[in-house]
Amino acid sequence: MTSIINYLGIEMLIGSIISIVLYSLQAIGLYSIAKQRGISYPWLAWLPIGNNWIIGAISDNYQEKVNGKTKHKRILLAALTVIIICLSISVFLDFFTMAADETALTSDVLKLFATIGIVCILMVVYDVLLYIALYHVFK
């Protein structure tokens, strides 16, 4: 049993190291692009919600130079990230509240599933906006 736990611990350590390296590479790339494009606050590339703002800002900057108009993707991406995180925390807390309370009503369970559905829809909208912004960044 301890060998399985040791194996899982090593696997989690390796996964964490790989995640940190990939996140750092993404932050370095976004920071460099933002700095070259003259985006204000390029250091936001290192923050979880800030990097979405930077991606949207770079996309808006490109669209403004090419088309002369901006779509405010920086605000949309950052706002959607905050909303998704808040709703996910709400789902997490509701789930454990219902798990502790054995008399959970059907309406509570339906509310939980409705919230999960809303989070899924918002995540699809977020992904579409993110890929559109990334398309403009790397066009």
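**Helix α2 and its surroundings**

Author: Start with a charged pair. D60 forms a salt bridge with R74, and their closest N and O atoms are 3.2 Å apart. D60 belongs to helix α2 and R74 to helix α3, so the pair ties together parts that are 14 residues apart in sequence. By the rule used here, the count comes to 1 salt bridge. The model is predicted, and side-chain atom pairs count only at pLDDT 80 or more. The two partners can be set side by side. D60 is buried, because its relative accessible area is 0%, under the 20% cut-off. R74 has 23% relative accessibility, so R74 counts as partly exposed. As a general point, side chains of opposite charge can pair when their charged atoms come close.

Now the helix itself. Helix α2 covers residues 50–67. At 1.5 Å a residue, its 18 residues should span 26 Å. The end C-alpha atoms are 25 Å apart, which agrees. The helix is mostly covered, with 14 of its 18 residues buried. Just after α2 comes G68, with a positive phi of about 75°.

Next, a polar residue. N52 lies in helix α2. With a relative accessible area of 6%, N52 is buried. Its side chain makes a polar contact with the side chain of T81, at 2.9 Å. Leaving out residues up to four places away in sequence, N52 touches L77, T81, Y126 and L130.

In general, nonpolar side chains in soluble globular proteins tend to be buried together.

Not counting residues up to four places away in sequence, I54 touches L30, A34, I39, S40, Y41, P42, L44 and A45.

Y41 is found in the loop between α1 and α2. Phi of Y41 is near 60°, a positive value in a residue other than glycine. As a rule, most residues other than glycine have a negative phi. The structure holds 1 aromatic pair. Its members are Y41 and W43, arranged edge-to-face, with 6.3 Å centre to centre and 80° between the planes.

H72 sits in the loop between α2 and α3. Phi of H72 is near 60°, again a positive value in a residue other than glycine. H72 has 44% relative accessibility, so H72 counts as partly exposed.

Last, helix α4. Its 32 residues should span 46 Å at 1.5 Å a residue. Its end C-alpha atoms are 46 Å apart, which agrees. Buried residues in α4 include L112, T115, V119, Y126, L129, L130, A133, H136 and V137. Two of these, Y126 and L130, are touched by N52. An α-helix has 3.6 residues a turn, so residues three or four places apart point the same way.

How values were computed. Residues numbered from 1 in each chain as written. Predicted model: local features only at pLDDT ≥ 70, side-chain atom pairs only at ≥ 80, totals over all residues. Heavy atoms only, no water. Helix = DSSP H or I, 4+ residues; strand = E, 2+ residues; numbered from the N terminus. Expected span 1.5 Å × (residues − 1). Buried < 20%, exposed > 50% of the residue type's maximum accessible area, 1.4 Å probe, protein only. Polar contact = N/O pair within 3.5 Å; in protein donor to acceptor, adjacent residues only side chain to side chain. Contact = heavy atoms within 4.5 Å. Salt bridge = Lys/Arg side-chain N within 4 Å of Asp/Glu carboxyl O. Phe/Tyr/Trp six-rings, centres within 6.5 Å; stacked < 30°, edge-to-face > 60°.
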